[in-house]
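Subject: Structure handover

Hello,

Here is the structure for your files. My notes follow below it.

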Amino acid sequence: MICNNIGVNSKNHITFSGHDVCELAKKYGTPLYIYDEQRVRENCRIYKDAMDKYFPSALPCFASKAAAFKRIYEIMKEEGMGIDVVSIGEIYTAMKAGMPLDNAYFHSNNKTDEDVAFAIENGVGYFVVDNAEELFAIERICEKACKRQKVLLRLTPGIDTHTYEAVNTGKVDSKFGSAIETGQAEEITKLALSMNTIDLKGFHCHIGSQVFDSDTFLRGSEIMLDFIALIKTKYSYEAEELSLGGGYGVKYVESDPEIDIAENIKQVSEYIKSYCDKVGLNVPKLLMEPGRSIVADAGMTVYSVGTIKEIPGYKNYISVDGGMTDNIRYALYGSEYTLFVANKAADEANFTADVVGRCCESDDIIQPKVTLPKPERNDIIAVCTTGAYNYSMASNYNRICRPAVVFVSGDRDYLAVKRETLDDLVANDI
Ligand code: LLP
């Protein structure tokens, strides 16, 4: 199985963390997002335990853009994770879940004055400042509120996950952060250090998503530590914190690599410790912001099959009762997924089709060219590894209601987010 929390039971049904997903579909309706609570917690602990073990001081912060609803923040609080938030909507949701904000890191390349004021008033621990304008906005609001704000500066180290060996200017041209290469990173650091209301704690970089080894993290840390050393020499300021941004990749399909995250964190720590030694720095508090690798394999989506269309000489289509409104990742990125007919789990896979949604849009494809047992109307299709960036990127295109989110935990299942209703859709219409 693509992931060890997925199985097949005696009824030939797919199970998720031991729960029959066809039973869950019957109980809660489809489409349905299902989360495995234990797996979310295990994924948090992989980062937490390894970072505690291998760094003198460290904190994993869940990148909540991957899945943002109250129950997730409650779990993050219980697991002792920090959070990365990118909007006041995420901050508000975390607050409503009772998540303390001291370890919240507020991102975004364009925080409005309203965002800045909201975050400061509500005690968001850290701003990850993108640009000088944002520093001025924080200064204005802190002066009024007689507050001082802890800040990391987001820098672009000029490497790209997939192409850094060949082209290392790719990421300098980014809407995020200030580039080291152009001197803008040093400028913004000087500015931050000159402001009384700004408590500069360190630096942040985000190298990429779906990273399967530590090479880019090592290269990124080296550039960031060189920068920290330069700033120390020139301005007698030594950063206390260094954030390396998003976490490691996940296995969506059999051909994706399997990765030992703890072992990779160990390698990063050894490298950082020896590099700090070499350039005369204390090892900073190390932050990471994993999103995908915390929730992706803890999620599954189940749909009911509707129309099955066979076009002789062309191809076949299996239409389900969801689509790009609950999973836009194939339409946006061509993302791969592993699918099953959940009520014919171990039957022979002999029917190749595009699994498509019900939106008025040809690119509304969940996955093209999938070979499955031939389904019938009302069969259940399970799409695996949908816990990251599916619910959080869901939309109401075509006025389709967003699905419910259900958790399974031990032998319990419970609702975390209700299915939207038709009345929800018109609630704000005047
Ligand atoms: N930190 C920062 C500053 C980020 O921009 C991101 C992701 C993360 C952390 C989390 O990275 P992760 O551990 O999840 O790889 N919608 C896309 C992913 C966009 C990621 C954007 N930033 C998708 O569905 O694949």
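Where is the place of arginine 292? Arginine 292 sits in helix α10 (residues 292–295); helices are DSSP runs of H or I of at least four residues, strands are runs of E of at least two, and both are numbered from the N terminus.

Two remarks on conventions. This is a predicted model, in which local features need pLDDT of at least 70 and side-chain atom pairs count only at pLDDT 80 or more, while totals for chains, interfaces and linings use all residues. Residues are numbered from 1 along each chain as its sequence is written, and side-chain values use heavy atoms, with hydrogens and water left out.

Arginine 292

Arginine 292 is buried and has no salt bridge. Buried means under 20% relative accessible area, exposed means over 50%, and partly exposed is in between (1.4 Å probe, protein chains only). A salt bridge is a side-chain nitrogen of Lys or Arg within 4 Å of a carboxyl oxygen of Asp or Glu. The nearest side chain of opposite charge to arginine 292 is that of aspartate 256, 9.1 Å away; for charge, Lys and Arg count as positive and Asp and Glu as negative, with His and the chain ends not counted.

The arginine 292 side chain does make a polar contact, at 2.9 Å, with the side chain of tyrosine 252. A polar contact is a pair of N or O atoms within 3.5 Å; within protein, one must be able to donate a hydrogen and the other to accept it, and residues adjacent in sequence count only if both atoms are side-chain atoms. Not counting residues up to four places away in sequence, arginine 292 touches residues including Ser209, Tyr252, Arg329 and Tyr389, where contact means heavy atoms within 4.5 Å.

The ligand

Ser209, Glu289, Arg329, Tyr333 and Tyr389 come nearest among the 18 residues around the ligand (a heavy atom within 4 Å). An N or O atom in the side chain of arginine 329 is 2.5 Å from a ligand oxygen atom. A backbone N or O atom of glycine 291 lies 2.9 Å from an oxygen atom of the ligand. For tyrosine 333, a side-chain N or O atom is 2.8 Å from a nitrogen atom of the ligand. The ligand taken alone exposes 580 Å², of which the protein buries 87% (Shrake-Rupley areas, 1.4 Å probe; for residues, only the protein chains shown count as cover).

Salt bridges

The structure holds 29 salt bridges. One of them joins lysine 11 and glutamate 23, with the closest N and O atoms 3.5 Å apart. Lysine 11 is in the loop between β1 (6–8) and β2 (14–16), and glutamate 23 is in helix α1 (residues 21–28), 12 residues apart. Lysine 11 is partly exposed at 49% relative accessible area, and glutamate 23 is partly exposed at 34%.

Arginine 71 and glutamate 74 form a salt bridge at 2.7 Å between the closest N and O atoms. Both lie in helix α3 (residues 70–78), 3 residues apart, about one turn of the helix. Arginine 71 counts as buried at 15% relative accessibility, whereas glutamate 74 counts as partly exposed at 27%. Arginine 71 and glutamate 74 also belong to a network of salt bridges whose members include Glu37, Arg41 and Arg45.

Serine 335

Serine 335 is in the loop between α11 (329–333) and β16 (339–341). It is buried, with a relative accessible area of 9%. Leaving aside neighbours within four places in sequence, serine 335 is in contact with Arg329, Tyr330 and Gln367.

Regards
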